[in-house]
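Open the model in your viewer and keep the selection tool at hand. Each stop below tells you what to pick and what is there.

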Amino acid sequence: MNFQIIRQRLKPWMLPIAMLGGLLFHNLIDSISFLAPYLIFIMLLITFCRVRPSEFRVTRLSAGLITVQIAGSVLLYLALLPLGDEIAEGSFICVFCPTATAAPVITGMLGGSVPRLATFSIISNVCVAVLAPVMFSFMGSGDAGFSFLESLTLIATRVIPLIILPLATALALLRFMPKIHHAISSRQSLSFYIWALSLFIVVGRAVSFVISEPSSMIPEMAALSLCSLAVCCGQFYIGRKIGARYGDKIAGAQGLGQKNTVLAIWMALTYLHPIASVAPAAYVAWQNTINSAQLYFKTKKENQTTS
C-alpha cells in the first residue's frame, strides 16, 4: 500500500483525529494558540488564490446563501435575546461566521463545484469583515468601557486586515508573481491539513476554557451546545435546499453549513461574552461529524465501485 492510498484512507478520519487530539492535549495548546490568526490568513490566501477576478461574481446561489448568513444571524439573535445575551450571541456567531476556508476542499471531495464555493467564500468573508465591527460594537460585550466609535475602530483594525489582507495578497500575487500564485492555487488540499491543525488548536483552547468554568455554568454551556447543534443541522439543510434550487446542493450545503470555526471562536472570545464561544466550539464537533460522515460514505461508495 503506497503513501497515496494511505493518505486517501486516512483523510476521512483527519478531522476526528484533530478534535480528539485537541481534547487530549488541551494543556499544551497555550504554547501554540498564537498560531491561530496566521493559520486563518494562510487558509484564506490558499482559498482566494483559487478564484480569478473574472470568476468573481454574485450568482443567485451566492445571493441566497449570503442573505441567510447575514439576515438569518440577526433575526436569530433578536429572537433568542429574551433567553439571555450569551445564548443569543452564541447562536448568532454560528450563523454570522463566514464559510470555512476548507469548505471548497471538502466540496470538491464530495463532488460539488469548487470555483463556485470558493467565490462564495470570498463574498462571505468580505461581508463579515465589513459588518462585524458594526455588529459587535452594538452588542458591546467584548469591549466594555469603550464608546461605540472606539469599539468600532478597535474591532475593524483587528478583523478587517485578517480577512481582507489575504484577498489583497492573492490579487497581488496574480498580478506580479503569477508563478507563485499558480503554485499556491494548485495546492488547495493544503487547506484541509492546515484546517486540521487549526481544529486541534481551537478544540484544545475551547476545552481548556470549558474546564476552567465553574460547575454552575454547565446548564448554560449545555444549552449553547444544543443551540449550536440545531443551528448546524439547520444551516446544512437550508443550504442544501438553496443549492438544489440553483443546481449544486453540495456547494449550497457546505457554503452555509461549514463554518470557519477558528475565526468564530476567536471573535466570540474577543468581542462577545466569552461563554458564547462554547456554541462555535460545539459547532466544531457537529459540522465535522457531518463532514466526516459524508466523506466516509462517499469514500466507501467509491471503494465499492472500484473493487
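**Before you start**

This is a predicted model, in which local features need pLDDT of at least 70, side-chain atom pairs count only at pLDDT 80 or more, and totals for chains, interfaces and linings use all residues. Residues are numbered from 1 along each chain as its sequence is written, and side-chain values use heavy atoms, with hydrogens and water left out.

**Stop 1: the whole chain**

Show the chain as a cartoon. You will find 14 helices and zero strands. Helices (H or I, at least four residues) and strands (E, at least two) are DSSP runs, numbered from the N terminus. Now colour by burial. Of the 307 residues in the chain, 49% are buried. Buried means under 20% relative accessible area, exposed means over 50%, and partly exposed is in between (1.4 Å probe, protein chains only).

**Stop 2: helix 12**

Select residues 249–257, which are helix 12. Why is helix 12 largely enclosed by the rest of the structure? Because eight of its nine residues are buried. The buried ones are I250, A251, G252, A253, Q254, G255, L256 and G257.

Stay in helix 12 and pick G255. Its relative accessibility is 0%, so G255 counts as buried. In sequence, G255 and T107 are 148 residues apart, but C-alpha to C-alpha they are 8.6 Å apart in space.

**Stop 3: two cavities**

Rolling a probe the size of a water molecule over the atoms shows where empty space is left. On a 1 Å grid over the protein atoms alone, a cavity is a set of points where a 1.4 Å probe fits but cannot get out; a pocket is an open set with protein on both sides within 12 Å along at least five of seven lines; lining residues have an atom within 4 Å of a point. Grid points are joined across faces, edges and corners, and a volume is the space filled by probe spheres set on the points.

How many cavities of 30 Å³ or more are there? The count is two.

Select S33, A36, I201, V202, R205, V262, I265 and W266: they line the largest cavity. Its volume is about 50 Å³. Helix 10 (189–212) and helix 13 (261–271) each supply at least two lining residues. By class, the lining has six nonpolar, one polar and one charged. Ala, Val, Leu, Ile, Met, Phe, Trp, Tyr, Cys and Pro count as nonpolar, Asp, Glu, Lys and Arg as charged, and the others, Gly among them, as polar.

Next, select T59, L61, S62, L65, R116, L117, F120 and A251, the lining of the second largest cavity. Helix 4 (60–80) and helix 7 (114–139) give two or more residues each to this lining. The second largest cavity has a volume of about 30 Å³. Its lining divides into five nonpolar, two polar and one charged.

**Stop 4: the largest pocket**

Move to the largest pocket, with about 260 Å³ of space. It is lined by 14 residues, and V203, A206, V207, A281 and A282 are the closest to its centre. Which helix gives the most to the lining? Helix 14 does, with five residues. The lining holds 13 nonpolar, one polar and no charged residues.

**Stop 5: L171 and L45**

Pick L171 in helix 8 (residues 148–176). L171 is partly exposed, with a relative accessible area of 41%. Along the chain L171 and L45 are 126 residues apart, while their C-alpha atoms are separated by 9.7 Å.

**Stop 6: helix 2**

Finish at L23, in helix 2 (residues 14–24). Is L23 buried or partly exposed? L23 is partly exposed, at 46% relative accessible area.
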